Each structure stands twice: as C-alpha cells, then as structure tokens.
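Here's a quick briefing to read alongside the model. Keep the sequence and the 3D view open as you go.

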Amino acid sequence: MLLTAGAQAPTDTAIRISADANAPGKPLVHFWSKVVGAGRANEGLRSTWQEELKTAAHYDGFQYVRFHGLFHDDMFVYREDEHGQPIYNFQYIDDLFDRMLELGVRPFVELSFSRARWPP
C-alpha cells in the first residue's frame, strides 16, 4: 500500500485463516443436500409423483421435500357453506404428509403467499 504525506493507514480488517495439516479432520456436512424442491403441493398427491419420490429418496438420500401452494385452491383446504361460514378441510395435506413420512421423507413446510383465498 502506498501512503502519501499526511495519509492515515487503514485499520487492520484482514481476515486470517489458518490450517493445521496435522490436526484430525472433520467431515464436511452437505446440509444443502438434505432438502430438495418439488413444485406445488398438489403434485404430491399424484401416484407417479409418490413413486418418483420413493425412488429419488432411496438413491439420493435427502431427508426433506419443500414445495409451495399448501393452501392453494387445488388443495381444497378452505371453502364456505351457503351462509358464508368457513369450512376447513386438511384431508389432502394430511394425506400428502402421511405418504411422505411413510417413505422416510419429511415435509419442509413453506407457509407463504399463495393465490388461494386464505382467508377470503
């Protein structure tokens, strides 16, 4: 670094990394390989999706599946009766989660914006 007359040297903000080649190693945990994305929740109700999940989980070793649209209209979680009173039905979500758990894969639940009318 070249300093001109009257200039101040910057404070030391360097990052120092050291390694001991003789120290015992630690395994590198690929945390990014534990979860995969799978599109919309409704797709998980299809038998072909479930068969593919079973195969992929067996050979790839991931533990979680993340998808979106859990409360989307195609999951039929919310509707109203003839008086406008809400009726909630979690049957499809229960079914999807149960099938995933039977395969040893856990849902990575995403609760986010959806085009579903939740609440109306």
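Predicted model: local features only at pLDDT ≥ 70, side-chain atom pairs only at ≥ 80, totals over all residues.

Residues are numbered from 1 along each chain as its sequence is written, and side-chain values use heavy atoms, with hydrogens and water left out.

**Overall layout**

- The chain has two helices and five strands, where helices (H or I, at least four residues) and strands (E, at least two) are DSSP runs numbered from the N terminus.
- Going along the sequence, you'll read the pattern β-α-β-β-β-α-β.
- Of the 120 residues in the chain, 20% are buried; buried means under 20% relative accessible area, exposed over 50%, and partly exposed in between, with a 1.4 Å probe and protein chains only.
- Take the contacts (heavy atoms within 4.5 Å) between residues at least 6 apart in sequence: 69% of them join residues at least 24 apart.

**The sheet**

- Three strands make an open sheet, ordered β1-β2-β5, with parallel pairing; two strands count as paired if DSSP finds at least two bridges between them.
- Strands of a sheet pair through backbone hydrogen bonds, either parallel or antiparallel.
- At the edges sit β1 (35-40) and β5 (106-108), each pairing on one side only.
- From one strand to the next, the twist averages 35°; axes are lines fitted to C-alpha atoms, for helices over the stretch in contact, and angles run from 0 to 180 degrees between N-to-C directions.
- β1 and β2 run parallel and are joined by four bridges.
- Two residue pairs to look for there: V36 has V65 of β2 as its bridge partner, and V35 stands opposite Y64 in β2.

**Helix α1**

- The 14 residues of α1 should span 20 Å at 1.5 Å a residue, and the end C-alpha atoms are 20 Å apart, so the two agree; the expected span is 1.5 Å times one less than the number of residues.
- W49, Q50, L53 and A57 are the buried residues to check in α1.
- They cover an arc of only 95° around the axis, which puts them on the same side of α1; that arc is taken from the directions from the helix axis to the C-beta atoms.
- An α-helix has 3.6 residues a turn, so residues three or four places apart point the same way.
- Q50, which sits in helix α1, is buried with a relative accessible area of 14%.
- Not counting residues up to four places away in sequence, Q50 touches G44, L45, R99 and L103.
- After α1 comes G61, with a positive phi near 75°.

**The core and α2**

- The largest nonpolar core has 16 residues, and L53, V65, F67, L96, M100 and V105 have the most contacts inside it; such a core is a set of buried Ala, Val, Leu, Ile, Met, Phe, Trp, Tyr and Cys residues joined through side-chain atoms within 4.5 Å.
- At least two residues of this core come from each of α1 (47-60), β2 (64-68) and α2 (91-102), and α2 gives the most, with four.
- Leaving aside neighbours within four places in sequence, V65 is in contact with a list of residues that includes V35, V36, W49, L53, M100, V105 and F108.
- α2 lies across β2 and β5, at about 125° to β5.

- F76 lies in the loop between β2 and β3 (78-80) and has a positive phi of about 55° although it is not a glycine.
- Most residues other than glycine have a negative phi.
- F76 counts as exposed, at 52% relative accessibility.
- P86 is in strand β4 (residues 86-88) and counts as partly exposed, at 39% relative accessibility.
- Beyond neighbours within four places in sequence, P86 is in contact with Y78, R79 and E80.
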